[in-house]
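Here is a brisk report on one chain. Look at the model first, then read on.

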Amino acid sequence: MTTSLLAALLAQNHTIPLHTPGHQRGRGMEPLLRALWGRALAQDLSELPGLDNLAQPTGVLAEAQAAVAATVGSDRAWFLVNGATGGLLAALLATVGPGDRVLVGRNVHRSVIAGLVLAGAKPVYLGVGVDPQWGLPLPVTRDVVAAGLAAYPDTKAVVLVSPTYEGLCSPLLEIAESVHNHGVPLIVDEAHGSHFAYHPAFPVTALAAGADVVVQSWHKTLGTLTQTAVLHLKGERVSAERLSQALNLVQTTSPSYWLLAALERAGAQMTQQGEQIYGRLLQWIQTSEWPLPRWQPTGIPQDPLRLTLGTWPIGLTGFALDELLQPQIIAEFPSGRSLTFCLGLGTTPTMLETLTDRLKSVYTQYRHNAPLPPLAIPSIPNFKEPVLSPREAYFCPQRAVPLRAALNEISAETIAPYPPGIPTVIAGERFTESVIATLQTLQEVGAEIVGATDPTLHTLRVCKV
């Protein structure tokens, strides 16, 4: 690389900034914010001479993206500044259109459903199992994908999430082979697996397994800023030009160069130090002892940096344990029977020791409690066609009805406990007894409900058809 993006950004030293953004290199920023962000405000810039253009890069941005692609093994990489969401929207817009059939893992993030609304494709949802003891979803299997392709030969693309929020991976090598034998592309939401390329102890990356389009949310596990992500392309099943066009539809025309420079430096950090950093971290994790059971399903590749501990043996929900650990310790994701922690680049031995000591203290206090009964969250059927596509449901006339009156009606909303954002009901699906009971259960144990117009769930929006 001739000149790094960060170097080009730091070289911007003009003293009369008669251009956007309006604070003009910090001069006009509110004093408290100016004190907080300091000299970094001078580099809060967008497309200026020497800084290239994200919509059509030919200079330092093009070189930075090429360096990331070479590091992780893709043919081309695009920097994203509105999270993995923008990459998933573009991936769908580039591969499917109105009325096209697409197989979608039922455990996908709700941003994939937004992509289906924009593209107008008709999904068939691929089912996932639920661990009966932990009440947590398992990844989509090869057999389910293969059966889906056989049942729906007009499929134009397959979209999966791997790893799951808890770090479990689908068998992507076998799945990619099956999908490619059918002649269609495999799109993988690898939001939580951006680090897999940088240490041999991690599961195989989606790119190495043969995926065609991969979206990675770099800010989730790498040393970059919130909102940054990367879209990767490998092979010729999906057009690079089409992906670029789609990104220009959904990505801002005024990207923050703080974010873009952070992506570049995060990639350089991984290339230079990633294996060393993760090697140390993995050693520290291996010597840690947890007083609560750790979720490690047999035969499923798992991210060793995703720590999910069962809380049901001491009679606590994950939400209750989460509150007990606060404010000193903030976990990533509580559920009805577990609590998930993200261990990463900034994790230290002292942090792990503090966590284990605090967990041991809680365990000692609550170990005589009766265990929680299992949660009644059923597995999702292998194949499920919605009554309406997400796009049809989005544009249909709607009305609000009381929760119980929504039974057998078609949902106009995609409703998900958050995190992780996996929908309990997707717009276009019917409200069944099981869906309503699951929503009530999740709300009772403390989950935050996202996507519902009425977050109390007293009313639900349904389609008037």
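Which residues in α4 are buried? They are Gly83, Ala84, Gly86, Gly87, Leu88, Leu89, Ala90, Ala91, Leu92, Leu93, Ala94 and Thr95. Twelve of the 13 residues of helix α4 (residues 83-95) are thus buried, so the helix is largely enclosed by the rest of the structure. Buried means under 20% relative accessible area, exposed means over 50%, and partly exposed lies in between (1.4 Å probe, protein chains only). Helices (H or I, at least four residues) and strands (E, at least two) are DSSP runs, numbered from the N terminus.

This is a predicted model: local features need pLDDT of at least 70, side-chain atom pairs count only at pLDDT 80 or more, and totals for chains, interfaces and linings use all residues. Residues are numbered from 1 along each chain as its sequence is written, and side-chain values use heavy atoms, with hydrogens and water left out.

**Strands**

Strand β5 (residues 186-189) is covered on both faces. Leu186 and Val188 are buried on one side, Ile187 and Asp189 on the other. Strand β4 (residues 155-161) runs parallel to β5, and four bridges join them. Two strands pair if DSSP finds at least two bridges between them. In this pairing, valine 159 stands opposite isoleucine 187 of β5. β5 is also joined to strand β6 (residues 213-216), by three bridges and again in parallel. There, aspartate 189 stands opposite valine 215 of β6.

With β4 and β5, α7 makes a right-handed β-α-β unit. Right-handed means that, with the strands pointing away from the viewer, the path from the first strand over the helix to the second runs clockwise.

**Salt bridges**

Side chains of opposite charge can pair when their charged atoms come close. The structure holds nine salt bridges. Each is a side-chain nitrogen of Lys or Arg within 4 Å of a carboxyl oxygen of Asp or Glu. Three of them are tabulated.

| Pair | N to O distance |
|---|---|
| Aspartate 154 and arginine 101 | 3.7 Å |
| Arginine 399 and glutamate 409 | 3.1 Å |
| Arginine 404 and glutamate 433 | 3.0 Å |

Take the bridge between aspartate 154 and arginine 101. Aspartate 154 lies in the loop between α6 (142-151) and β4, and arginine 101 in strand β2 (residues 101-105), so the pair ties together parts that are 53 residues apart in sequence. Aspartate 154 is partly exposed, at 40% relative accessible area. Arginine 101 is buried, at 17%. Both belong to a network of salt bridges that links Arg101, Asp154 and Glu385.

Next comes the bridge of arginine 399 with glutamate 409. Arginine 399 sits in strand β12 (residues 398-402) and glutamate 409 in the loop between β12 and β13 (416-418), so the pair ties together parts ten residues apart in sequence. Arginine 399 is partly exposed at 34%, and glutamate 409 is partly exposed at 24%.

Arginine 404 and glutamate 433 also meet in a salt bridge. This pair links distant parts of the chain: arginine 404 is in the loop between β12 and β13, glutamate 433 in helix α15 (residues 433-444), 29 residues apart. Arginine 404 is partly exposed, at 45% relative accessibility. Glutamate 433 is partly exposed too, at 44%.

**Backbone details**

Which peptide bond has omega near 0°? The bond from threonine 20 to proline 21 does, and it is cis. Proline 21 is in the loop between α1 (5-10) and α2. Another cis bond runs from glutamine 326 to proline 327, with omega near 5°. Proline 327 is in the loop between α12 (318-325) and β9 (333-334).

Arginine 25 is not a glycine, yet its phi is positive, near 60°. Arginine 25 is in the loop between α1 and α2 and is buried at 11% relative accessibility. Glutamine 227 also has a positive phi, of about 100°. Glutamine 227 is in the loop between α9 (218-221) and β7 (229-233) and is partly exposed at 42%.

**A helix residue and its contacts**

Serine 244 is in helix α10 (residues 240-250). Serine 244 is buried, at 17% relative accessible area. Not counting residues up to four places away in sequence, serine 244 touches Arg76 and Trp78; contact means heavy atoms within 4.5 Å.
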